[in-house]
Structure formats: C-alpha cells, structure tokens
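Subject: Structure handover

Hello,

Here is the structure I said I would pass on. Please open it beside this email and follow along as you read.

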Amino acid sequence: MIDVDGYRPNVGIVLLNADGRLFWARRINRDGWQFPQGGMRSDETPLEAMYRELEEETGLAPEHVEVVASTRGWLRYKLPQRYVRHHQHPTCIGQKQVWFLLRLVSDEASLRLDACDKPEFDIWRWVDFWYPAAHVVNFKRQVYERALRHFAPLVEGMCRIELGCAPPREAGDVPPDDPRHGWRAA
C-alpha cells in the first residue's frame, strides 16, 4: 500500500526496559541495526499494525508490553535513489511512520527473534536512549531523532533519569535539506 505521494504507511516501535534503555536489533544477514518497524496493511489501524509487527519481529504479545505513547501524525523519510524501485508502480519513494513507545512489562526472556517464518533480526541488545539516533542508517536518522525527542520527556519521567540531548550529527552526515539527503557524503 503506497499513498498518492509515494510513501508507504509504516509503524515504528521503540521498546523501553525498566532502566530506560532501548531494544536495538541487527537485521538478519546484514550490518544494519534498527528499531522494529514494518508496513501497515490496508485494513489495519496503526495500533493493530504495531502489535502485529511487534509479535512478528520480537515475539512479544500485547500482554508483554504497555503502550506509553505514539507520535502525532506521520513522520516521513525518503529512500536514497539506489533503493527506489522505479520499475514498480506505484513507485515507493519513502515511508511515513507512526512511532510507538512501549514499555516491556514482562521478563526479557519473552523476546524471541524467531517468532515468525522469516525473522527480521538475528541479534539484539539494550542500548542507551540516544544511541539509535546516531547509529541508524543515515537516511532514517532525522525520523529517529524526531521520534526520540518526542518520547524523551516521557522516558525521563517514567524512569526517573536524565537523558540529556540528542547526539550531534557526525561530520560526514548530509544535512536533511541537502539534495543528497539519504546519501553518505564522500
């Protein structure tokens, strides 16, 4: 399902443990690490899609988590040109996402990356709150930063911690308004 502007509706999941650390997983057979995320079906609400993706990618069921918050509206990112499949119609140029902040309320032994026939991830770990914003693939960084900035005050209050500020962009990062956005500067 792709909208009239070329964006695929999607949900993203920020899973929080009791220490204020976030679930971070490596895509299977790849070097890239990310939060769980996935496309919405045409008959799903964002919440329904989130629960389906959560179970498919982490093995967690609704009783294992508490929904703390979600972002308002869509957060969008464009795909780098090398990932756009121009031969497919409609052409998907990026994703628009609703992000959910979830708190793990079960034991972490409930996490199972092999919960579906085609696992998305092969390894996971807990990371500091701002780590994903600095380490996700470049073209997703702005969306990750926006989602985390939205959730940071809630996490600080729930976990009674100070998260500080989002890390500065790396020297080689391309600014979001640069025409090459999504590409790593050479």
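What follows is an account of what was found in it.

This is a predicted model, in which local features need pLDDT of at least 70 and side-chain atom pairs count only at pLDDT 80 or more, while totals for chains, interfaces and linings use all residues. Residues are numbered from 1 along each chain as its sequence is written, and side-chain values use heavy atoms, with hydrogens and water left out.

Records

UniProt, in an unreviewed entry, gives the annotation "domain: Nudix hydrolase" to residues 6–149. UniProt positions are given in the numbering used here, feature names are shortened, and annotations may be inferred rather than shown by experiment.

In the model, the span 6–149 is 19% helix and 34% strand, and its end C-alpha atoms lie 26 Å apart. Residues 38–59 are 59% helix and 9% strand, with 14 Å between the end C-alpha atoms. Helices (H or I, at least four residues) and strands (E, at least two) are DSSP runs, numbered from the N terminus.

Aromatic rings

A pair of aromatic rings is described by the distance of the centres and the angle of the planes. Rings of Phe, Tyr and Trp (its six-membered ring) pair if their centres lie within 6.5 Å; planes under 30 degrees apart count as stacked, over 60 as edge-to-face and the rest as tilted. How many aromatic pairs does a search of the whole structure find? It finds twelve.

In one of them, the ring centres of Phe 23 and Trp 126 are 6.3 Å apart and the planes are at 75°, so this pair is edge-to-face. Phe 23 belongs to strand S2 (residues 22–27) and Trp 126 to strand S8 (residues 121–127), so the pair ties together parts that are 103 residues apart in sequence. Both residues are buried, where buried means under 20% relative accessible area, exposed over 50%, and partly exposed in between (1.4 Å probe, protein chains only).

Trp 126 also pairs with Trp 124: the centres are 5.3 Å apart and the planes are at 85°, so this pair is edge-to-face as well. Trp 124 is partly exposed, at 24% relative accessible area, whereas Trp 126 is buried, at 14%. Elsewhere, Trp 24, Phe 35, Trp 99, Tyr 131 and Tyr 144 form one aromatic cluster.

Some rings have a charge over them. For this, NZ of Lys or CZ of Arg must be within 6 Å of the ring centre and within 35 degrees of the ring normal. Arg 76 lies over the face of Tyr 7, 5.5 Å from the ring centre. The charged end of Arg 125 is over the ring of Trp 33, at 4.5 Å from its centre.

Nonpolar cores

In soluble globular proteins, nonpolar side chains tend to be buried together. A nonpolar core is a set of buried Ala, Val, Leu, Ile, Met, Phe, Trp, Tyr and Cys residues joined through side-chain atoms within 4.5 Å. The largest such core has 30 residues, and among those with the most contacts inside it are Val 14, Phe 35, Trp 99 and Phe 151. S1, S2, strand S6 (75–78), strand S7 (94–104) and helix H3 (141–159) are the elements that give two or more residues to this core. H3 gives the most, with eight residues. A second, separate core has 19 residues, including Val 65, Phe 100, Leu 102 and Trp 126.

Asn 17 is in the loop between strand S1 (7–16) and S2. Is Asn 17 buried or exposed? Asn 17 is buried, with a relative accessible area of 9%. A polar atom of its side chain lies 2.9 Å from the backbone nitrogen of Asp 19. Leaving aside neighbours within four places in sequence, Asn 17 is in contact (heavy atoms within 4.5 Å) with Trp 126 and Cys 159.

Lys 96 is in strand S7 and is buried, at 11% relative accessible area. With neighbours within four places again set aside, its contacts include Asp 3, Tyr 7, Trp 74 and Arg 76.

Backbone

Most residues other than glycine have a negative phi, and most peptide bonds are trans. The bond from His 89 to Pro 90 is cis, with omega near 0°, and Pro 90 is in the loop between S6 and S7. Asn 29, although not a glycine, has a positive phi of about 60°; Asn 29 is exposed, at 74% relative accessibility.

Regards

Notes
A polar contact is a pair of N or O atoms within 3.5 Å; within protein, one must be able to donate a hydrogen and the other to accept it, and residues adjacent in sequence count only if both atoms are side-chain atoms.
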